[in-house]
Amino acid sequence: MPLLEIKNLKLDFKQGDKMLRAVDGVSFSMEAGETVCLVGESGCGKSVTALSIARLVPTPPAIYPEGEILLNGSDVLKMGKKELRSIRGGIVSYIFQDPSASLNPVFRVGNQIKESLKLHRPQAATDDEVIRLLKLVGIPAPESRIRDYPHQMSGGMQQRVMIAMALASEPKLLVADEPTTALDVTIQAQIMELLLDLKKRLGMSILLITHNLGIVGDIADRLAVMYAGQIVEMAPANQMLKRPLHPYTRSLMGSVPKLGHELERLNAIPGNVPSIGFMPTGCRFHPRCPMAKSDCSQKVPELVQVEPGHWVRCPYWSES
Amino acid sequence: MWQYIAKRILHLIPLLFGVSLLTYMLMWMTPGSFYDNLKQNPQISPEKIKELEAKRHINEPFYVAYSYWLLNAVKGDLGYSLAYKMDASKLISTRLLNTFLLSFFATVLAWAIAIPMGIVAAVHKDSIADRALSSVAFMGLSIPEVLLALLALMLAASTGWFPVGGSQSPMYDLMEPGEKFWNRVHHLILPTLVLAASSLAGIMRYMRSNLLDTLRAEFVTTARAKGMAEGWVIYKHALRNAINPLLTIFGYSLAGLLSGAFIVENVMAWPGLGRLTIEAITSKDYELVVATVVMATALLVIGNFIADLLLAWSDPRIRLK
Ligand SMILES: Nc1ncnc2c1ncn2[C@@H]1O[C@H](COP(=O)(O)OP(=O)(O)O)[C@@H](O)[C@H]1O
Ligand code: SF4
Ligand SMILES: [Mg+2]
């Protein structure tokens, strides 16, 4: 049984009396210990997909019209409050993009970590355990940092605290939603290294979300590329990095930011991700696709397996 | 900390100096004085008036008169009320107690009701409870304080449940201690309710919008993602942050109320500082005007100071300097 199995997940946001589909039929699974990277530009639905795993998208405005999210075999979308609370942290933990906003500014970091312990491992809710966790994520002199408030730490240290807090409950799956995007370039590399190290040492699964294909090579076992609420390509990481098949993936790779040149990337793929509610007909990528054919604006492409384990949502994938 | 307090007190000195100078000047420049009224009183001899005028240096240049006043003020003597025939400081201190009682209970009451109301409205956004509370708040915001005070007086007069104005009965001095206490409380109830009602709506709406904003904050998602029960997420993580900006408002309202609840005090004949100020201005009791204004300024600043201390205590990101 896979640790996580998402089947045909659909998510709508209710706006007025319209339903705007943000996630449209996403399916993928993760084995225990596996690291999957979800890649795509901003607004493609990566965050809402990832948050759905612990039902963290507020409903309303969100609605799940279809789909299943099987976590350890049971469907998260059918769980009651109590069950949800036990899987949040208990099976899946999160770290987010902006650690300064994700930590509560009015509580000491040690307290915030201890909260996680109290919820899931009450017998271990001690200062010693907090210190051990801070050490685990590479915070120097942790004894002196547990009484710090978040604002007394640098962004990198705050993200390490977030990671410590996520690990405190000993989850099987760590969801890291753009964990380095808000940090300085040098710190970005350190946080990625830490995640890689933790993955090796603790053997947990990581779902890493990023819009930067440049950082996934070392850590990912598999890659899933999302565009406009759908997965457009999915394959083992080395396979996809060596030979991307979907035109969108290729465009993304052509626009991998060099270290410290984040801005250049923004102009790399012409056009914008369509907003929810304004999806192009046919292939959703066709207005921006450098290889678009005349029928791409009518024919809706399916996600098909073109090689073992390699899925692509473009009938013209072989023409490159 | 002590350094900070000392600094704030030092800042108060030039402010009070400026305010007293300005008020004194304004009272000096406006036509007419209390003595003009005295002069029309046949029972007071012109010599007596001359003597009074000389004592207050009223016929000397402005800066001389002000300097004398300032010199006394520094020694703690804020001048003399001609209308009440007593020291301004003494007069103010009795009035201050009344204002303090009224403001204190009104503030406590308003906050004790408005904060839970705002929380309920935010947590159950768009529910029937939220809509009901919002309409109550809207009504509260649209009724002027004066009207509310008048309505309260009308209620008191027609039902006889409450005394109509004042802070104690005429027979107060003849009462037993227990009776005295009840008499004061009885007089205090209606003005307190009016004053509390007038600030309730604003606080409630502010609390509601603050909490709604905070509930959208990322650290709230973090708290949920830990597996924390929704009640804890709201009452520990969100509320603790949502309350911070309100502490500033609390300080300001405290400051405003301490310096005199002008409308309620005047309409409901509550002998507080606000009413005293208005009386002093209309009767041209100029030293009393200056004294009350200086006092109100000092209280305003102290209220703000308390707000800053509260905020610093509640929000670790804020440092006093
Ligand atoms: N609470 C919400 N209400 C309405 N629309 C939302 C909400 N959250 C996200 N969306 C929309 O859903 C789409 C996907 O968002 P998101 O998952 O955050 O994208 P990504 O993480 O890939 O950048 C976006 O178009 C976004 O505007
Ligand atoms: S289906 Fe057409 S538009 Fe879509 S990615 Fe393939 S080539 Fe491009
Ligand atoms: Mg995102």
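Predicted model: local features only at pLDDT ≥ 70, side-chain atom pairs only at ≥ 80, totals over all residues.
In chain A, strand β3 and strand β9 (residues 222-227) run parallel, joined by 4 bridges.

Residues are numbered from 1 along each chain as its sequence is written, while chains are lettered from A and ligands numbered from 1 in the order in which they are written.

Back to β3(A), residues 35-39: 5 of its 5 residues are buried, so the strand is largely enclosed by the rest of the structure. Buried means under 20% relative accessible area, exposed means over 50%, and partly exposed is in between, with a 1.4 Å probe and protein chains only. In a regular strand, side chains alternate between the two faces of the sheet. Here A:T35, A:C37 and A:V39 point one way while A:V36 and A:L38 point the other way, and all are buried.

Chain A also has an open sheet of 4 strands, in the order β2-β1-β4-β5, with antiparallel pairing. At its edges stand β2 (18-30) and β5 (74-75), each with a single partner strand, so one side of each is left without a neighbour in the sheet. Strand β1 (residues 4-15) is joined to β2(A) by 10 bridges, and the two run antiparallel. One facing couple is A:K10 and A:D24, the latter in β2(A).

Now for ligand 1. What surrounds ligand 1? The shell is made up of A:F13, A:A22, A:E41, A:S42, A:G43, A:C44, A:G45, A:K46, A:S47, A:V48 and A:I276, where a residue counts if one of its heavy atoms lies within 4 Å of the ligand. These residues divide into 5 nonpolar, 4 polar and 2 charged. Helix α1 (residues 46-52) of chain A supplies the largest share of the shell, 3 residues.

| Residue | Backbone polar atom to an oxygen atom of ligand 1 |
|---|---|
| A:G43 | 2.6 Å |
| A:V48 | 2.9 Å |

Taken alone, ligand 1 exposes 560 Å², and the protein buries 68% of that; such areas come from the Shrake-Rupley method with a 1.4 Å probe, and for residues only the protein chains shown count as cover.

Most residues other than glycine have a negative phi, and most peptide bonds are trans. A cis peptide bond joins A:T59 and A:P60, with omega about -10°, and another cis bond joins A:P60 and A:P61, with omega about 10°. A:P60 is found in the loop between α1 and β4 (62-71) of chain A.

As for phi, A:A141 has a positive value near 45° and sits in the loop between α5 (127-136) and α6 (142-145) of chain A. A:A141 is partly exposed, with a relative accessible area of 45%. A:E178 has a positive phi near 50°, in the loop between β7 (173-177) and α8 (185-202) of chain A. A:E178 is buried, at a relative accessible area of 6%.

Finally, chain B: 14 helices and 2 strands, with a C-alpha trace spanning about 85 × 55 × 40 Å along its principal axes. Of its 321 residues, 44% count as buried. In helix α13 (residues 273-282) of chain B, the buried residues include B:L273, B:G274, B:L276, B:T277 and B:A280. They cover an arc of only 160° around the axis (taken from the directions from the helix axis to the C-beta atoms), which puts them on the same side of α13(B). After α13(B) comes B:K284, whose phi is positive, near 55°.

Notes. Heavy atoms only, no water. Polar contact = N/O pair within 3.5 Å; in protein donor to acceptor, adjacent residues only side chain to side chain. Nonpolar A, V, L, I, M, F, W, Y, C, P; charged D, E, K, R; others polar. Pairing = 2+ DSSP bridges.
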